Amino acid sequence: MPTILITGTSSGIGRATATHFVSKGWKVAATMRNPSDAAGLVQNTLVLPLDVTARDSIDKAVQDTVDAYGSIDVVVNNAGYAVIGALEAVSADQIEQQFAVNVFGAMAMTQAVLPQFRAQSAGMIVNISSVVGRFTYPLGAIYDASKFALEGFSEAMRFELEAVGAKIKVVEPGLIASDFGTRSMQFVHDPHLSAYQPLVDAMGAMARKFTEVAEPADVVAEVIWQAVTDGSDTLRYPAGQAALAALANREKLDDLAFHAETKERFGL
């Protein structure tokens, strides 16, 4: 059976995806920064330490997977988190770390596995983006920009991957029930910057509403399975009913109308 390497499998979408592919008989390399977080992963899974901000860690995980399974057929770049807050309140280090994980990590993982794909004239990269890779929400300048960058990287990489016989897919989740709003989100707020307080209050209220309608991570795992196995050249895969509705709404509105609607929805 084929081999899939997934980053960020300690919880949420990554954990659900690892479990899903194992249930389909695939060989799974489930990677995470702290393998002690692997409790609960199904058997027959290769658990490996991997920090996507450290190239030596990436290279070792890729080599360990090839040594154990003989090849890598699919890489799912799922590791990520969100920095949310007004730009004026966010430090340069926080901005750099956001891009180091969400963008540069996916780039480094892709670089590391390309020689394997080229040698076998096959392979696939699946980048986990978000609906905010195609439109934005208040206080999301840093996180949303990282997902916009990931989408642009993925679209451009289609040409290079096709040259070596491989493919790339982008999965765009909407509102997903996971720990994203806790351990995977860094909310930055400076109470002295009172001009942004209405945005902070509005985002807090909307986040509570989002939690009530969030879909399970299994929904995304199933879309990833579809992206990997449908045999198509489709690039983007919205994941979940909320994602489909949000993207359809964005496509029918021009920039001014979308901005006005978003302000109304957030009570701004």
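**View 1. Helices α3 and α4.** Helix α3 (residues 92–120) and helix α4 have axes that come within 9 Å of each other and cross at roughly 15°. Axes here are lines fitted to C-alpha atoms, for helices over the stretch in contact, with angles running from 0 to 180 degrees between N-to-C directions. Helices (H or I, at least four residues) and strands (E, at least two) are DSSP runs numbered from the N terminus. The model is predicted, so that local features need pLDDT of at least 70 and side-chain atom pairs count only at pLDDT 80 or more, while totals for chains, interfaces and linings use all residues. Residues are numbered from 1 along each chain as its sequence is written, and side-chain values use heavy atoms, with hydrogens and water left out. The two helices α3 and α4 are therefore roughly parallel; angles under 35 degrees count as roughly parallel, over 145 as roughly antiparallel, 65 to 115 as roughly perpendicular and the rest as oblique. Their crossing is right-handed, meaning that the near helix is turned clockwise from the far one by less than a right angle, anticlockwise being left-handed. On the α3 side, the residues that meet α4 include Ile95, Phe99, Val103, Met107, Leu114 and Phe117. On the α4 side, those that meet α3 include Ile142, Tyr143, Ala149, Leu150, Phe153 and Leu161. Contact means heavy atoms within 4.5 Å. By class, the contact of α3 with α4 has 15 nonpolar, four polar and one charged residues. Ala, Val, Leu, Ile, Met, Phe, Trp, Tyr, Cys and Pro count as nonpolar, Asp, Glu, Lys and Arg as charged, and the others, Gly among them, as polar.

**View 2. Helices α2 and α3.** The axes of α2 and α3 cross at roughly 40° and come within 10 Å, and the two helices are therefore oblique to each other. The crossing of α2 and α3 is right-handed. Arg55, Ile58, Asp59, Val62 and Val66 in α2 meet Gly105, Ala108, Met109, Gln111, Ala112 and Gln116 in α3. This contact of α2 with α3 divides into six nonpolar, three polar and two charged residues.

**View 3. Ile72, between α2 and β4.** Ile72 sits in the loop that joins α2 (55–69) to β4 (74–77). With a relative accessibility of 0%, Ile72 counts as buried; buried means under 20% relative accessible area, exposed over 50%, and partly exposed in between (1.4 Å probe, protein chains only). Not counting residues up to four places away in sequence, Ile72 touches Thr3, Leu5, Val62, Thr65, Val66, Val113, Gln116, Phe117 and Gln120. Val83 is 11 residues from Ile72 along the chain, and their C-alpha atoms are separated by 31 Å.

**View 4. Helices α1 and α6.** Helix α1 (residues 12–23) and helix α6 (residues 217–229) have axes that come within 8 Å and cross at roughly 55°. The pair α1 and α6 is therefore oblique, and α1 passes α6 in a right-handed crossing. Gly12, Ile13, Ala16, Thr17, His20 and Phe21 in α1 meet residues of α6, including Ala217, Val220, Ile224, Trp225 and Val228. Nine nonpolar, three polar and two charged residues make up the contact of α1 with α6. Ser23 also lies in helix α1 and, at 56% relative accessibility, counts as exposed. The C-alpha atoms of Ser23 and Ala79, 56 residues apart along the chain, are separated by 21 Å.

View 5. Ser130 lies in the loop between β6 (124–128) and α4 (141–163), and at 9% relative accessibility it counts as buried. A polar atom of the Ser130 side chain lies 3.1 Å from the backbone nitrogen of Val132. Beyond four places in sequence, Ser130 touches Tyr143, Lys147, Glu151, Val171, Glu172 and Pro173. Glu151 is found in helix α4 and is buried at 3% relative accessibility. Leaving aside neighbours within four places in sequence, Glu151 is in contact with Ser129, Ser130, Gly133, Arg134, Val170, Glu172 and Arg236.

View 6. Most residues other than glycine have a negative phi. Ser121, in the loop between α3 and β6, has a positive phi near 55°. Leu139, in the loop between β6 and α4, has a positive phi of about 70° although it is not a glycine. Leu139 is buried, with a relative accessible area of 8%.

Methods
A polar contact is a pair of N or O atoms within 3.5 Å; within protein, one must be able to donate a hydrogen and the other to accept it, and residues adjacent in sequence count only if both atoms are side-chain atoms.
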